[in-house]
Amino acid sequence: MPRIQGVDIPPDKPTHISLRYIRGLGPTTSLEVCEKLKIDPQRRAKELNDKEIAEIAVLLDKEYLVEGPLRRVEGGNIARLKEIKCYRGERHRKNLPVRGQRSKTNARTRKGIRKTVAGKKGVKDMR
């Protein structure tokens, strides 16, 4: 199982698909990496030799923002938004959807399990 940038990439998939398991590499970028290094994107990842794996690692380290450094940059951006107390930063702080999605009825993934609030179950209407 080839290991690049601390990520085990799946050996039985084509190289351009396997590279997508690295955070920061998508379809276009993974094909671009294969093209720059003149690696056939359809070759299986297990067929890559150590030299090619090392070349991929060096190229990613030099020219692309992937894995750890990318996570640091993203975290820094979110921390900045929280610090300046902008709307997006406040949504991040409250663990609510940030990009304008409806949150009254949906957003369970972001909000977590329902927290029931004591309601007005036994209260009668006094008119």
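**Figure 1. Arg-88 and its contacts in the predicted model.** Leaving aside neighbours within four places in sequence, Arg-88 is in contact with Leu-81 and Val-98, where contact means heavy atoms within 4.5 Å. Arg-88 and Val-98 are ten residues apart in sequence, and their C-alpha atoms are 5.7 Å apart in space. Arg-88 lies in helix α5. Helices (H or I, at least four residues) and strands (E, at least two) are DSSP runs, numbered from the N terminus. With a relative accessibility of 46%, Arg-88 counts as partly exposed. In these legends, buried means under 20% relative accessible area, exposed means over 50%, and partly exposed lies in between (1.4 Å probe, protein chains only).

This is a predicted model, in which local features need pLDDT of at least 70 and side-chain atom pairs count only at pLDDT 80 or more, while totals for chains, interfaces and linings use all residues. Residues are numbered from 1 along each chain as its sequence is written, and side-chain values use heavy atoms, with hydrogens and water left out.

**Figure 2. The chain as a whole.** The secondary structure comes to six helices and two strands. From the N terminus on, the elements run β-β-α-α-α-α-α-α. The radius of gyration, taken over C-alpha atoms, is 23 Å, well over the 14 Å that the globule rule gives for 127 residues, so the chain is more spread out than a compact globule. The globule rule is 2.2 Å times the number of residues to the power 0.38. Along its principal axes, the C-alpha trace spans about 80 × 35 × 20 Å. Of the 127 residues, 30% count as buried. Among the contacts with a separation of 6 or more, 48% are accounted for by residues 24 or more positions apart.

**Figure 3. The two domains.** The domain assignment gives domain 1 (3-63) and domain 2 (69-111); such bounds come from an automatic or database domain assignment. The C-alpha centres of domain 1 and domain 2 lie 31 Å apart.

**Figure 4. Surface and charges.** The chain exposes about 9,700 Å², and carbon and sulfur atoms supply 51% of this area. Accessible areas come from the Shrake-Rupley method with a 1.4 Å probe; for residues, only the protein chains shown count as cover. The chain carries 32 positive and 16 negative charges, and the mean positions of the two groups are 18 Å apart. Lys and Arg count as positive and Asp and Glu as negative, whereas His and the chain ends are not counted. The place of a charge is taken as NZ of Lys, CZ of Arg, CG of Asp or CD of Glu.

**Figure 5. Gly-6 in the loop between β1 and β2****.** This loop joins β1 (3-4) and β2 (7-8). Gly-6 has 49% relative accessibility and counts as partly exposed. Gly-6 and Ala-57 are 51 residues apart along the chain, and their C-alpha atoms are separated by 9.8 Å.

**Figure 6. Glu-55 in helix α3****.** Helix α3 covers residues 50-63. Glu-55 is partly exposed, with a relative accessible area of 28%. Between Glu-55 and Val-33, which are 22 residues apart in sequence, the C-alpha to C-alpha distance is 10.0 Å.

**Figure 7. Two positive phi values.** Phi of Glu-67 is near 50°, a positive value in a residue other than glycine. Glu-67 is found in helix α4 (residues 67-83) and is buried, with a relative accessible area of 12%. Asn-95 is another residue other than glycine with a positive phi, near 55°. Asn-95 is found in the loop between α5 (87-93) and α6 (108-111). Its relative accessible area of 45% makes Asn-95 partly exposed.

**Figure 8. Lys-120 in the segment after α6****.** At 72% relative accessibility, Lys-120 counts as exposed. Lys-120 and Val-7 are 113 residues apart in sequence, and 52 Å separates them in space, C-alpha to C-alpha.
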